[in-house]
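User: Please take a close look at one part of this model for me: the place where the two chains meet. What is buried there, and which residues and elements take part?

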Amino acid sequence: MSGKTLYDKLWDQHLVHDDPNGTSLIYIDRHLVHEVTSPQAFEGLHLAGRQFWRTESTVAVPDHNVPTTVDSATVDDPVSRLQIQTLDQNCNHFGVTQFGMSDPRQGIVHVIGPEQGITLPGMTIVCGDSHTSTHGAFGALAFGIGTSEVEHVMATQCLISRKSRNMRIRIEGELSQGVTAKDVVLVIIGKIGTAGGTGYAIEFAGSVIESLSMEGRMTVCNMTIEAGARAGMIRPDQKTIGYIEGRPYAPKGEMWERAVAGWAELVSDDDAAFDEEIVINGAEIRPQITWGTSPEMVVDLDEAVPDPSQETDPIKQEGMQRALEYMGLEPGTPMTSVPLDLVFIGSCTNSRIEDLREAALVAKGRKVSPDIKQALVVPGSGLVKRQAEEEGLHRVFIDAGFEWRNPGCSMCLAMNADRLKPKERCASTSNRNFEGRQGQGGRTHLVSPAMAAAAAIAGHFTDPAGL
Amino acid sequence: MEKFNLHEGIVLPLDRANVDTDAIIPKQFLKSIKRTGFGPNLFDEWRYLDQGEPDRDNSSRPLNPDFVLNQSRYEDASILLARDNFGCGSSREHAPWALLDYGFRCIIAPSFADIFFNNCFKNGILPIVLDAEAVDSLFAGVDRTPGFSLRVDLPKQMITVLENMSVIAFDIDGFQKDALIQGLDDIGMTLAKADLIRNYEEARRKETPWLFS
Ligand code: SF4
């Protein structure tokens with residue numbers, strides 16, 4: 001019999017019951033909750049007269065709707081406000097821990113989980129949000145669920161599920177100078193496509209993944225969902241342990257020792273069988289930019305906008321044409337000559353301290369181009385913001401002409417006041433370039449923080465190293 | 001949850017791949033704290049020519065005449081015919097809520113995104129995966145015949161093309177099939193296993209106590 005993959009082990013450890021009907025009952029260790037996908041679940045629980053199974057497993061935070069302007073302590077939009085208040089009331093009613101709007105720990109749910117040590121290796125972690133895959137960077141089985149499932153976890157601490165297939169993506173070799181975790185994951189999505197991971201749990205491995213910081217690993221796992229897989233994961237190692245140690249929710253003392261010893265087993269066995277294995281040479285990865293309206297529509301910085309007439313699949317060809325029309329781009333245009341209107345540095349993909357350092361390094365001593373209408377830096381949490389300020393990064397950004405904001409999802413999905421106007425073009429460190437994602441008619445190009453900062457300075461895409 | 005057994009309806013073709021949940025229901029409507037009322041904003045950015053907001057009256061907004069939802073021949077459609085990777089992107093259950101609220105009970109595509117697929121079953125919508133060839137033939141049928149309709153028989157796992165009574169068989173997970181036919185309450189079913197969950201918890205608390213603090 002062959003060995004087990006990391007995913008197999010996580011699955012087995014959380015298996016409560018295999019039902020004869022073919023489904024499995026899986027235990028959930030951690031449930032993260034935000035204001036947008038939870039109200040109907042709380043209501044459902046309430047109406048059915050049901051209780052939380054285990055409130056201590058749950059942590060809630062408002063992030064999607066919150067304003068990020070530094071001077072607004074209140075939410076002006078009444079509809080957003082009601083949603084945030086509803087989360088407040090629900091948490092109070094059911095006794096759920098919440099990092100509310102005025103809590104310094106407030107931030108994007110996928111940033112604060114790891115930051116607080118709420119996310120630990122070996123856990124099952126769910127949230128009514130597809131980017132829950134982020135937490136897999138710690139060797140956890142973490143995935144997004146719908147609101148009905150949120151209610152199911154609240155009431156039972158379990159999910160009815162079916163095991164996924166195993167895929168491993170190994171990035172071997174070494175990255176070139178200036179190539180980041182964001183470029184790595186965009187290359188993966190470009191290669192396997194946005195549906196390439198459907199039905200799989202993906203383990204990321206190889207020397208490049210090992211060399212990434214925890215922040216970088218989170219960026220990679222974060223966008224697993226853009227490759228079609230609900231869960232992405234990386235085996236925990238010394239870096240993982242070093243990151244977690246001493247965080248508020250992390251185990252302490254003897255418990256810590258026991259936990260660390262247990263985490264050593266969270267690794268795919270040498271003889272584990274994967275249903276699909278992909279190997280990518282890290283040395284060949286160049287800085288990436290998306291040109292279209294799906295994260296798989298991605299090219300190297302020094303490439304041009306692709307030509308649909310070269311595509312043989314008629315459905316793909318039509319999709320490309322539609323994307324070009326929406327994006328207002330002509331085939332053959334070099335990416336570096338595409339002019340930009342806005343720059344957004346933030347989101348659960350790239351708003352951690354390391355991302356801000358990477359962008360600040362590029363922005364330092366330079367000025368945002370007068371062609372750029374607005375350049376936003378939105379830290380992922382109150383604590384990231386504080387740390388950045390301690391390091392003086394906010395000064396670098398403000399001096400260069402960026403706006404330094406309060407934490408939240410912000411222009412990643414434009415549920416608050418930060419959004420694109422029709423036809424405005426934005427270099428964004430977020431994860432989705434769908435039509436209308438950052439505002440109706442808005443045009444999004446996904447890039448790394450360094451590339452976004454360089455684009456803000458130059459007014460168009462350019463190699464950060466060449467500034 | 002609404003049950004699904006036999007459904008007959010007009011087919012609406014949405015001929016594009018990778019339709020994401022942002023397109024199905026744009027984010028500004030996610031501010032609602034209810035499960036209903038999303039129908040008028042289904043595919044909002046494609047369907048209207050202006051920008052939709054949560055508390056606006058949609059009946060007076062300018063429609064995009066080119067978008068298939070606004071074409072009178074599909075007015076009463078309740079079966080959505082789509083392309084690959086339908087429902088990709090965010091986990092928002094507002095997407096199936098909007099589809100259901102509009103009147104769709106069944107979606108046919110060559111492939112679906114995982115979370116969306118799952119969410120459909122929780123809301124009485126039947127998502128059916130057919131091979132690309134069968135999907136192509138349905139698109140051709142819709143194109144040819146105004147009022148093109150199907151009968152979807154879930155217990156028999158059979159689709160009948162009403163214009164010529166040809167049939168297409170489809171596969172479905174047995175558990176999900178039963179859940180839809182009977183309108184099962186997932187939570188109730190799981191709570192019936194409460195003892196198993198408690199036993200599991202007890203063992204895990206001993207083995208990995210740090211997961212329970
Ligand atoms: S930052 Fe963007 S992708 Fe991440 S949770 Fe917020 S809205 Fe979703």
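Analyst: The area buried between chain B and chain A is about 5800 Å². Carbon and sulfur atoms give 54% of that area. This is a predicted model, and these values are computed from it. Why quote an area at all? The size of an interface is often given as the accessible area lost when the parts come together.

Now count residues. On one side, 62 residues of chain B are in contact with 76 residues of chain A. Within chain B, three residues lose the most area to chain A: K31(B), I33(B) and W210(B). Together they make up 14% of what the chain B side buries.

Next, the polar links. There are 9 salt bridges between chain B and chain A. One salt bridge joins the side chains of E151(A) and R35(B), at 3.2 Å from N to O. Polar contacts between chain B and chain A come to 31 residue pairs, with both residues at pLDDT 80 or more.

Which elements of chain B supply the side that touches chain A? Those giving two or more residues are α2 (44-47), α3 (94-102), α4 (114-121), α7 (186-191) and α8 (194-207) of chain B. Of these, α8(B) gives the most, with 10 residues.

Finally, sort that side of chain B by class. It has 27 charged residues, 20 nonpolar and 15 polar. So keep two views of this interface in mind: carbon and sulfur atoms give 54% of the buried area, and 9 salt bridges are counted between chain B and chain A.

Key:
Residues numbered from 1 in each chain as written. Chains lettered and ligands numbered in written order. Predicted model: local features only at pLDDT ≥ 70, side-chain atom pairs only at ≥ 80, totals over all residues. Heavy atoms only, no water. Contact = heavy atoms within 4.5 Å. Buried area = accessible area lost by both parts, 1.4 Å probe. Salt bridge = Lys/Arg side-chain N within 4 Å of Asp/Glu carboxyl O. Polar contact = N/O pair within 3.5 Å; in protein donor to acceptor, adjacent residues only side chain to side chain. Helix = DSSP H or I, 4+ residues; strand = E, 2+ residues; numbered from the N terminus. Nonpolar A, V, L, I, M, F, W, Y, C, P; charged D, E, K, R; others polar.
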